[in-house]
Amino acid sequence: MPDYLKIKTALEAQGIAVEDNPALVRQKSRDFFWYSPILKAQLDNVTGDLVASPKSEEEVVAILRLAFAEGVPVTARGGGTGNYGQAMPLSGGIVLNMTLMDKVKHIAPGRVVCEPGIIIAELDRQTKAYSGQELRFHPSTAQTATIGGFIAGGSGGVGSITWGGLRDLGNILRLRVVTLEAEPRVLELSTWDLQKVSHAYGTNGIITEIEMPLAPAYDWVDVITGHDTFMDAVKFADALTHRNGILLKEVAPIAAPIPFDYFNRHKPWLKEGESITVLMVAPHAMEPFLAFCEVMKGAVRFRSDAVESMKVIPHAYEIGWNHTTLRALKVDPTITYLQVQYPGPDHVAKVEKMVEIFGDEVVGHLEFIKFNGAIQCSGLPLVRYTTEARLEEIIRIHEENGCRIFNPHRYTLEEGGMKQTDQTQLDFKKETDPKGLMNPGKMIAWDNPDFDFDAGGNYLFPGLQAFAEA
Ligand SMILES: Cc1cc2nc3c(=O)[nH]c(=O)nc-3n(C[C@H](O)[C@H](O)[C@H](O)COP(=O)(O)OP(=O)(O)OC[C@H]3O[C@@H](n4cnc5c(N)ncnc54)[C@H](O)[C@@H]3O)c2cc1C
């Protein structure tokens with residue numbers, strides 16, 4: 001067992017802020033894992049031993065040097081909004097709070113260089129004020145999540161309808177990462193190389209500097225349209241996103257009864273029983289958008305440029321993406337969700353098939369995105385949860401019908417499905433983290449290279465044992 005008092009004293013001697021109050025450490029060891037009834041049961045007792053909060057890359061290096069010498073796990077943390085337990089320290093150890101590294105270093109046409117701990121909305125605020133630009137896309141947690149956490153734990157979001165996701169070459173320009181070795185190295189990664197570190201849950205490097213591409217910023221207009229049925233909303237959204245000239249940042253059809261039952265702040269504008277499409281439209285595109293609505297029978301129920309004050313009304317994106325799930329969970333804690341990809345070009349037919357099969361047990365919520373150059377939709381449908389076995393069955397039926405599931409009820413990179421680790425990934429981890437101390441338990445290929453993904457088994461990290469017995 002490492003001597004955490006000695007570690008704390010050594011770090012504080014170097015001017016690094018360290019917290020060891022168990023209640024505060026536990027608080028910083030949790031994220032939105034509780035979204036999933038399965039992860040809630042598995043991870044509820046997980047906690048780190050110390051929280052260290054570096055203010056600079058030099059302090060990150062000092063922490064990682066000591067962690068290597070003492071054999072202590074290190075789990076990076078941004079805003080802690082990940083919803084698969086990504087930032088939870090399954091073997092305890094040091095939680096590396098990155099939020100003090102929050103500086104914007106350089107803004108230029110088309111790009112920004114910043115530290116990883118800046119809150120995404122603040123980064124957008126600064127790039128907009130300084131240069132009239134904004135990030136190409138951001139998660140719906142922009143108000144609380146960090147840019148480093150998004151890159152290491154997220155996938156895409158608001159703006160992905162135009163720009164695709166983090167996985168697309170060119171949507172991250174450069175990363176600086178620190179390795180966990182006897183003498184930590186600082187690596188500069190770009191193009192294909194940086195994809196080893198993006199969406200790797202901080203298992204193979206601590207990101208200390210980020211260069212992101214920017215797009216022109218607009219005062220986006222939030223719009224909600226009403227539709228008789230969910231499929232009417234889906235067909236409206238599909239037709240709209242195939243109109244090349246109307247600039248959009250968010251297009252999310254959401255089935256009744258979700259909007260009226262769960263979107264409390266928007267309720268005065270919504271009609272019971274109606275499905276909706278949540279949109280963000282560029283101001284100069286509003287006129288053509290409204291002309292499109294007239295022809296395609298989208299009834300405009302809400303537009304942010306027509307209300308007196310938006311003070312108490314959430315941003316449109318805060319009822320989309322995983323915020324749809326959050327708002328439902330606040331009202332009905334028995335609900336859970338899935339992440340589905342409906343590959344095109346027949347994505348609309350695939351959605352329709354799932355609606356026919358599951359009815360009200362799986363309630364539709366889609367996000368239209370650009371995927372490999374084409375418009376298609378991904379989904380975050382709400383599931384009326386009964387048992388784990390039924391959830392597995394729902395997943396199986398989706399997959400049998402060509403709708404791929406990225407399982408949000410798993411905490412490993414591989415089982416979540418958004419990143420299949422391969423030999424290159426494993427070799428890189430051997431190089432950057434030879435003792436396997438970075439966020440242990442999240443990469444099956446490291447712990448158990450023989451794990452059989454086809455057997456349908458659930459990988460449980462042995463390091464969790466200590467917490468399970470606690
Ligand atoms: C309501 C809700 C809505 C969401 N909407 C979206 C969405 O639209 N799109 C989306 O992609 N995700 C979404 N998410 C998931 C999550 O919010 C985002 O991925 C978010 O960007 C994570 O940022 P964070 O700062 O909170 O990261 P954290 O949760 O703190 O960390 C995420 C992962 O990154 C690692 N990490 C953090 N900082 C570093 C660093 N500097 N170096 C290396 N590793 C690091 C952590 O170890 C962890 O594995 C949503 C989650 C919730 C709860």
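Q: Where does Glu 274 lie?
A: This is a predicted model, in which local features need pLDDT of at least 70 and side-chain atom pairs count only at pLDDT 80 or more, while totals for chains, interfaces and linings use all residues. Residues are numbered from 1 along each chain as its sequence is written, and side-chain values use heavy atoms, with hydrogens and water left out. Helices (H or I, at least four residues) and strands (E, at least two) are DSSP runs numbered from the N terminus, and in these terms Glu 274 is found in the loop between helix 10 and strand 13 (275-281).

Q: Which residue has its side chain joined to that of Glu 274 by a polar contact of 2.6 Å?
A: Glu 274 has 11% relative accessibility and therefore counts as buried, a class that means under 20% relative accessible area, with exposed over 50% and partly exposed in between (1.4 Å probe, protein chains only). A polar contact is a pair of N or O atoms within 3.5 Å; within protein, one must be able to donate a hydrogen and the other to accept it, and residues adjacent in sequence count only if both atoms are side-chain atoms. Such a contact, of 2.6 Å, links the side chain of Glu 274 with that of Arg 301.

Q: How many aromatic pairs does a search of the whole structure find?
A: Rings of Phe, Tyr and Trp (its six-membered ring) pair if their centres lie within 6.5 Å, and planes under 30 degrees apart count as stacked, over 60 as edge-to-face and the rest as tilted. With this rule, the number of aromatic pairs found in a search of the whole structure is 9.

Q: How many degrees lie between the planes of Phe 32 and Trp 34?
A: These two rings form a tilted pair, 5.4 Å centre to centre, with an angle between the planes of 35 degrees. Phe 32 is partly exposed, with a relative accessible area of 26%, and Trp 34, at 35% relative accessibility, counts as partly exposed as well. Phe 32 and Trp 34 belong to one aromatic cluster with Tyr 35 and Tyr 337. The angle asked for, between the planes of Phe 32 and Trp 34, is 35 degrees.

Q: How many residues apart in sequence are the parts tied together by the pair of Phe 137 and Phe 150?
A: Phe 137 and Phe 150 form an edge-to-face aromatic pair, 6.1 Å centre to centre and with 80 degrees between the planes. Phe 137 lies in the loop between strand 7 (133-135) and helix 6 (147-153), whereas Phe 150 lies in helix 6, so the pair ties together parts whose separation in sequence is 13 residues.

Q: Which residue has Lys 435 lying over the face of its ring?
A: A charge sits over a ring if NZ of Lys or CZ of Arg is within 6 Å of the ring centre and within 35 degrees of the ring normal. Lys 267 lies over the face of Phe 260, at 4.7 Å from the ring centre. Lys 435, at 4.1 Å from the ring centre, lies over the face of Phe 68.

Q: Which helix gives the most residues to the shell around the ligand?
A: The ligand is surrounded by 37 residues, the closest being Ala 76, Gly 78, Thr 81, Thr 146 and Gly 156, where a residue is near a molecule or strand if one of its heavy atoms lies within 4 Å of it. Strand 3 (74-77), helix 6, strand 10 (206-216) and helix 12 (321-331) each supply at least two residues of this shell. The most, 5 residues, come from helix 6.

Q: What percentage of the ligand's area does the protein bury?
A: A polar side-chain atom of Thr 81 lies 2.5 Å from an oxygen atom of the ligand, and a backbone N or O atom of Ile 207 lies 2.9 Å from a nitrogen atom of the ligand. Accessible areas come from the Shrake-Rupley method with a 1.4 Å probe, and for residues only the protein chains shown count as cover. Taken alone the ligand exposes 970 Å², and the share of that buried by the protein is 97%.

Q: Which residue is joined to Pro 345 by a cis peptide bond?
A: Pro 345 lies in the loop between strand 16 (340-342) and helix 13 (347-358). The cis peptide bond, with omega of about 5 degrees, joins Pro 345 to Gly 344.

Q: Is Asn 439 buried or exposed?
A: Asn 439 lies in the loop between helix 16 (423-432) and helix 17 (444-447), and has a positive phi of about 45 degrees although it is not a glycine. Because its relative accessibility is 1%, Asn 439 counts as buried.
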